[in-house]
Amino acid sequence: MAENRRPENMKRITTPELAQAFIEEQLAALRSQIGDGRVLLALSGGVDSSVVAALLIRAVGKQLTCVHVNHGLLRKGEPEQVIEVFRNQMNANLVYVDAVDRFLDKLAGVSEPETKRRIIGAEFIRVFEEEARKLDGIRFLAQGTIYPDILESGPVKAHHNVGGLPDDLQFELVEPVRFLYKDEVRVVGKALGLPDSMVYRQPFPGPGLGVRCVGAITRERLEAVRESDAILREEFAKHGLEGKVWQYFTVVPDFKSTGITDGLRTYDWPVVIRAVNTVDAVTAEVAELDFGMMAKIVERITHEVKGVNRVLWDLTPKPTGTIEWE
Ligand code: XMP
């Protein structure tokens with residue numbers, strides 16, 4: 001395994017020119033490591049794996065196979081964007097796996113947060129393993145490991161390690177962004193021509209919307225999480241807040257309250273909104289937002305999302321509240 005420390009003389013990648021130099025250097029390094037071998041990559045559509053995919057497509061083209069697993073817990077439009085950008089625009093080998101029913105069936109009735117995480121993580125490895133076994137002659141596994149993951153100071157990925165592939169499926173690792181910090185990965189992604197909505201994407205947990213559909217996941221409540229999240233993101237983007245507020249999302253708890261619509265009483269779920277700023281996700285503060293925008297979001301969610309009659313704004317800093325609700 002190569003060095004584990006970022007070379008001391010490595011310049012911080014802050015400009016398109018520096019990104020270009022990094023890209024050229026990595027293309028040469030990737031071609032020399034991979035030769036005419038085949039590479040596999042789990043492509044979530046997050047910044048890190050997307051940048052690795054774009055680099056590898058340039059370096060070795062069709063020798064790369066990307067596997068995108070839709071576990072049913074992705075945000076609205078995400079699987080479509082991965083297919084559009086990587087298969088249609090970049091002409092990559094992309095295997096799209098619709099595993100929605102499989103994950104939701106496994107999760108049915110499970111309410112304990114860490115058990116939900118374990119099921120999602122373990123099932124993900126299983127689906128990926130099955131896909132890997134269908135492909136012949138793969139020697140390399142590419143990963144979007146970034147420097148904070150190596151330093152293990154990043155709480156973001158540190159606590160959801162669910163183990164890896166079985167021993168007979170061990171590949172040589174390809175990790176072209178392992179010495180980069182997140183902001184550098186974004187500069188490189190931009191220089192590689194990835195869309196802004198991918199490059200400036202807010203962090204999204206591996207278990208996805210699964211930990212925002214509090215308690216046992218049902219398809220209806222999951223849909224309410226997905227639709228309300230889409231409205232929230234749309235309104236934040238309209239107000240120029242994309243990439244400015246660190247993380248913002250909706251949560252749907254598993255209780256109902258009374259409401260009234262068109263003179264009739266309803267008994268529906270609330271949507272909780274969380275919008276926070278942080279440097280390292282260890283502590284976080286609530287984002288101060290324009291009240292008019294907040295009111296507009298409340299109005300849209302209560303009118304457009306099925307099964308929802310109330311919106312609550314979470315004003316709790318971390319500590320005491322974690323960023324996610326589970
Ligand atoms: P908390 O909720 O612990 O979240 O304050 C801190 C950051 O970590 C993200 N997070 C996760 N990321 N798998 C992930 O990949 C997880 O299981 C997970 N849980 C929380 C969270 O979104 C926030 O950015």
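The side chains of Arg12 and Asp183 form a salt bridge, with a nitrogen-to-oxygen separation of 2.9 Å. Arg12 belongs to the segment before H1 and Asp183 to helix H8, so the pair ties together parts that are 171 residues apart in sequence. The structure is a predicted model, and the count of salt bridges in it comes to 28. Side chains of opposite charge can pair when their charged atoms come close.

**Packing of H1 and H8**

Two packed helices are described by the angle between their axes and the distance between the axes. Helix H1 covers residues 16–34 and helix H8 covers residues 182–191; their axes come within 9 Å and cross at roughly 85 degrees. Angles of 65 to 115 degrees count as roughly perpendicular, and H1 and H8 are therefore roughly perpendicular to each other.

Which residues of H1 meet H8? On the H1 side they are Pro16, Ala19, Gln20, Phe22 and Ile23, and their partners in H8 are Val187, Val188 and Ala191. By class, the residues of this contact divide into 7 nonpolar, 1 polar and no charged.

**The second largest pocket**

H1 also takes part in the second largest pocket, where H1 gives the most to the lining, with 8 residues. This pocket holds about 470 Å³ of space. Its lining consists of 22 residues, of which Phe22, Glu25, Gln26, Pro176 and Phe179 are the closest to the centre.

The elements that give two or more residues to the lining are H1 and strand E5, residues 172–174. How does the lining divide by class? There are 15 nonpolar, 2 polar and 5 charged residues. Charged residues are present in this lining, whereas the contact of H1 with H8 has none.

**Backbone features**

Two cis peptide bonds are found at Lys318 to Pro319 and at Pro319 to Thr320. Their omega angles are listed below.

| Cis peptide bond | Omega |
|---|---|
| Lys318 to Pro319 | near -15 degrees |
| Pro319 to Thr320 | about 20 degrees |

Pro319 takes part in both bonds. Pro319 is placed in the segment after strand E10, which spans residues 308–313, and Thr320 is likewise in the segment after E10.

A further backbone feature concerns Asn91, a residue other than glycine with a positive phi, near 60 degrees. Asn91 is located in the loop between helix H3 (78–89) and strand E3 (93–98).

Key: Residues numbered from 1 in each chain as written. Predicted model: local features only at pLDDT ≥ 70, side-chain atom pairs only at ≥ 80, totals over all residues. Heavy atoms only, no water. Axes fitted to C-alpha atoms, helices over the stretch in contact; angles between N-to-C directions. Helix = DSSP H or I, 4+ residues; strand = E, 2+ residues; numbered from the N terminus. Parallel < 35°, antiparallel > 145°, perpendicular 65-115°, else oblique. Contact = heavy atoms within 4.5 Å. Nonpolar A, V, L, I, M, F, W, Y, C, P; charged D, E, K, R; others polar. 1 Å grid on protein atoms, 1.4 Å probe; cavity = no way out; pocket = protein on both sides within 12 Å on 5 of 7 lines; lining within 4 Å. Points joined across faces, edges and corners; volume = space filled by probe spheres on them. Salt bridge = Lys/Arg side-chain N within 4 Å of Asp/Glu carboxyl O.
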